[in-house]
Amino acid sequence: MWTKLPSAGREPGAGWCGRCELAPALGGAAAANSPRRWVVRPLRTRPGAGWCGRRELAPALFAPPSTPLPLLLRIPNASPILLPTMTLPTSQFSMPTAVRFGHGEIRNLVTHLEWIGAKRPLVVTDPGMLSTKAFASLKEILDNGVLPWALFGKVLPNPTEDNVDEATEIFRSGGHDSLVAIGGGSAIDLAKAVAVRTGYEGPLEDFTPAPRGAAPLAPIVAIPTTAGTGSEVGRSSVIILRKTGRKAVLFDPRLMPAVALLDPDLTLELPPKLTAATGMDAFTHCLESYVSNVFHPVADSIALGGLELVIRNLTTAVKDGGNPEARGYMMIAAMMGALAFQKDLGAAHSMAHPLSSISGLHHGLANAIVLPTVMEFNREVVKDRFARVATLFDPKVALLSEEEASHLAITKVRGLNAEIGIPARLRDAGVKESDLPALAEGALHDGCHATNPRACTLDDFRSLFREAY
Ligand SMILES: [Fe+2]
């Protein structure tokens with residue numbers, strides 16, 4: 001159908017989606033005077049890949065993959081369209097986890113299990129969870145339901161391949177078909193690795209991405225009891241490998257849980273220090289992904305939304321843990337952080353990982369302490385983005401220069417840390433000075449800084465650790 005095409009004289013950028021302004025020949029004199037350089041070039045695209053959904057307006061653009069399109073598009077009753085050079089990179093987005101959010105949502109667990117076709121779920125959690133009210137709720141709900149279930153309650157704080165094998169053996173011998181992961185990131189990560197084992201026998205570390213021909217994985221219902229990692233909507237799982245003793249990141253969209261059940265009531269027991277540390281982990285996910293050098297405008301918007309939620313709610317969640325709204329918004333913020341870090345992270349996470357494995361620091365606490373130092377390091381190359389972050393703390397910042405606002409963003413993050421009781425320096429958190437050389441080496445070998453907006457060398461990491469110490 002060609003009849004809906006705009007007529008000559010239409011102003012560029014005046015309608016449809018933003019990409020309609022790519023057709024200046026339709027725009028009359030205003031377009032002819034545009035300073036943009038227009039060239040004729042071949043374009044390759046694929047069905048469903050573009051524009052504003054009004055694909056009937058330009059059917060030739062939705063040709064099968066790899067079909068070269070005409071150099072010059074001719075449309076009846078209109079001038080030819082000259083295609084401009086596009087500077088935006090090609091990218092891929094996918095965000096499909098079903099999220100079920102609400103106070104008391106755990107009461108609907110059996111419904112969610114039936115929805116994904118579960119008949120015999122295996123619950124995985126860590127030993128510390130077994131005595132909590134959250135686990136008692138889950139147990140009562142499953143006991144009163146019609147589905148037979150069993151428990152693997154030995155998830156380690158940093159799950160190992162042996163830990164995965166042990167749980168997998170229970171999954172197989174019990175004839176289970178699905179997983180319910182309740183707890184922090186470790187329980188959810190372990191459930192993901194057990195799910196991998198239900199469809200794939202090869203080395204765990206090679207499931208990044210899933211090899212061709214890997215069978216479908218057992219579905220997971222993920223129930224977080226902290227608001228930080230966002231692993232419930234994430235596509236990765238961190239497991240310590242048997243042969244190397246190092247953490248491997250399994251990464252594939254198939255690892256995303258089928259359902260993320262977000263019930264803020266389950267986080268009410270979280271003590272203030274853990275609330276602060278996990279909350280700053282979520283904040284760091286949002287901030288690092290927002291400034292990472294990957295092109296993902298969808299994730300950028302989610303990251304900004306997540307940052308705003310943390311800024312408005314974390315202090316309340318720490319100081320008034322029983323506040324249901326603050327707990328609820330923090331759960332949403334954590335989920336948004338994990339959605340955003342499809343863009344990947346940055347140098348703060350590269351520093352936080354060895355701070356946990358070498359110095360024993362909580363992951364979120366490590367991120368919170370090093371983040372302002374990493375922001376100082378990055379500021380020069382992402383001033384505009386930091387200036388935007390500053391406006392989330394205080395809209396009046398919009399009146400400042402980009403230079404001033406970008407500095408202020410760092411000051412505000414330091415202030416947030418202080419407000420929620422995060423130590424200002426690594427030494428205050430018990431990190432030994434003698435650890436610093438190994439920490440710098442560990443950070444350099446961590447993959448997260450590959451997407452940091454500013455490249456990091458070993459000397460840079462030495463300086464960053466020294467400054468944060
Ligand atoms: Fe993190």
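Trainee: In what order do the six strands of the open sheet stand?
Mentor: Before we trace them, remember this is a predicted model, where local features need pLDDT of at least 70, side-chain atom pairs count only at pLDDT 80 or more, and totals for chains, interfaces and linings use all residues. Residues are numbered from 1 along each chain as its sequence is written. Strands (E, at least two residues) and helices (H or I, at least four) are DSSP runs numbered from the N terminus, and two strands pair if DSSP finds at least two bridges between them. The pairing here is parallel, and the order is S1-S8-S5-S4-S2-S3.

Trainee: Which strands stand at the edges?
Mentor: Look for strands with a single partner, because one side of each is then left without a neighbour in the sheet. That picks out S1 (98-101) and S3 (150-152).

Trainee: Which residue in S8 stands opposite Val221?
Mentor: Strand S5 (residues 220-224) also runs parallel to S8, with two bridges joining them. Across from Val221 you'll find Val259.

Trainee: Are the residues that point either way from S8 buried or exposed?
Mentor: In a regular strand the side chains alternate between the two faces of the sheet. In S8 (residues 259-262), Val259 and Leu261 point one way, and Ala260 and Leu262 the other. Count C-beta atoms, placed from the backbone, within 10 Å of a residue's own: 20 or more others is buried, 12 or fewer exposed, in between partly exposed. By that count, all of these S8 residues are buried.

Trainee: How far does helix H4 reach from its first C-alpha to its last?
Mentor: H4 (residues 161-173) has 13 residues. The expected span is 1.5 Å times one less than the number of residues. That gives 18 Å, and H4 comes close to it, reaching 18 Å.

Trainee: What arc do the buried residues of H4 cover around the axis?
Mentor: They are Asn163, Val164, Ala167, Thr168 and Phe171. The arc is that of the directions from the helix axis to the C-beta atoms. These residues lie on the same side of H4, because their arc is only 130°.
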